[in-house]
Amino acid sequence: MKFQLLKKSFLGLSACALIFTACSKDENVDQIEQKSDLERAKEYAEEIGYHPDDIMIDNFMLPDGTKEERIFIEDDIALAPTDFYALAPIDAMPAVDDLAKQYRTNNLVTGSNRTIDIIGYTGGSNALTSTQRTALQWAVNNYNRLSGVSLTFRLTFGTDYQSKDMVIYRNPNNAGAGGSAGFPSNGRPNKFVQLYRGMDSYDTNTNEHVITHEIGHSVGFRHTDYFSRASCGQNTNEGSAGVGAIRVSGTPSGYDANSIMLACFGQGEDGEFGANDITALQAMY
């Protein structure tokens with residue numbers, strides 16, 4: 001990243017790419033199979049419009065400490081392999097003059113699923129910190145106070161997450177700054193939203209920003225700058241990548257520095273929606 005080109009130093013919403021820096025010379029059978037799975041995922045990613053270098057396979061920690069394999073894309077998107085391989089090939093990319101609006105996936109929260117029961121996890125090492133619990137409350141309040149949006153969040157705190165629509169929890173094994181989530185499927189929001197341990201050192205507003213961002217993915221937002229990742233100091237197009245990158249009507253063209261759905265965030269975020277994020281949510285829901 002060329003930080004000197006930006007007005008502030010940005011941190012990726014996920015730093016999980018940093019942990020894949022070395023491997024043992026003596027690969028065992030499991031490692032060879034993992035490598036084969038990764039090669040397959042990279043090949044499929046290229047078919048549907050992602051850059052293969054942006055694909056990683058890692059264990060995804062659930063709130064109770066158990067782990068499941070996930071395919072990580074776009075830094076902060078974690079999909080189960082079955083969901084990843086269900087992604088359709090991309091459509092034609094939008095024209096350059098259409099870029100820089102808010103974007104959504106093909107799948108949204110539908111039907112009776114508009115009331116979303118969300119729980120902040122409070123058990124063991126995966127428990128949200130006190131700061132993060134406050135940040136989650138602020139984020140939910142921001143969503144619920146929007147007029148003209150049919151989604152409603154009902155927030156509780158505890159450990160009984162199985163019946164909930166969405167659970168926000170801390171991953172103590174990832175020292176990065178940011179978090180991860182998935183996209184809606186079958187008309188329901190993404191369920192699991194992680195905050196990485198590196199967020200422990202950030203204030204309430206910045207945690208609010210990351211939580212709001214990951215909830216945004218969970219209800220269907222793509223990155224506002226998916227076409228360039230300019231907020232990260234990059235010039236990389238994430239592609240529509242099988243989940244769609246549909247321009248939301250009513251959001252203006254031009255780089256939106258105030259969007260909460262930018263791919264990367266900076267220190268000192270205020271955690272609030274930008275005006276165009278609100279317009280997009282009103283159009284989506």
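Predicted model: local features only at pLDDT ≥ 70, side-chain atom pairs only at ≥ 80, totals over all residues.
Close-up 1. Residues are numbered from 1 along each chain as its sequence is written, and side-chain values use heavy atoms, with hydrogens and water left out. Helices (H or I, at least four residues) and strands (E, at least two) are DSSP runs, numbered from the N terminus. With a relative accessible area of 0%, Ile77 is buried. Buried here means under 20% relative accessible area, exposed means over 50%, and partly exposed is in between (1.4 Å probe, protein chains only). Glu214 is 137 residues away from Ile77 along the chain, yet their C-alpha atoms are separated by 8.8 Å.

Close-up 2. Leu136 is buried, at a relative accessible area of 0%. Go from Leu136 to Val210 and you cover 74 residues in sequence, but 9.6 Å in space, C-alpha to C-alpha.

**Close-up 3. The buried face of helix 5.** In helix 5 (residues 275-284), the buried residues are Asn276, Asp277, Ala280, Leu281 and Met284. Look down the axis of helix 5 and these buried residues fall within an arc of 140°, so they line one face of the helix. The arc is that of the directions from the helix axis to the C-beta atoms.

Close-up 4. The structure holds 4 salt bridges, a salt bridge being a side-chain nitrogen of Lys or Arg within 4 Å of a carboxyl oxygen of Asp or Glu. Side chains of opposite charge can pair when their charged atoms come close. One of these bridges joins the side chains of Glu68 and Arg70, at 2.9 Å, N to O. Glu68 counts as partly exposed at 36% relative accessibility, whereas Arg70 counts as buried at 9%.

**Close-up 5. Asp117 and Arg154, a strand-to-strand pair.** Asp117 forms a salt bridge with Arg154, and the closest N and O atoms are 2.8 Å apart. The pair links distant parts of the chain, 37 residues apart: Asp117 is in strand 6 (residues 115-121) and Arg154 in strand 7 (residues 152-158). At 48% relative accessibility, Arg154 counts as partly exposed.

**Close-up 6. Loops around Arg188.** The side chains of Arg188 and Asp165 meet in a salt bridge at 2.4 Å, N to O. This pair, too, links distant parts of the chain, 23 residues apart: Arg188 is in the loop between strand 9 (179-180) and strand 10 (192-196), and Asp165 in the loop between strand 7 and strand 8 (166-171). Arg188 is partly exposed, with a relative accessible area of 37%, while Asp165 counts as buried at 11% relative accessibility. The loop between strand 9 and strand 10 also holds Asn186. Asn186 has a positive phi of about 55° although it is not a glycine, and at 78% relative accessibility Asn186 counts as exposed.
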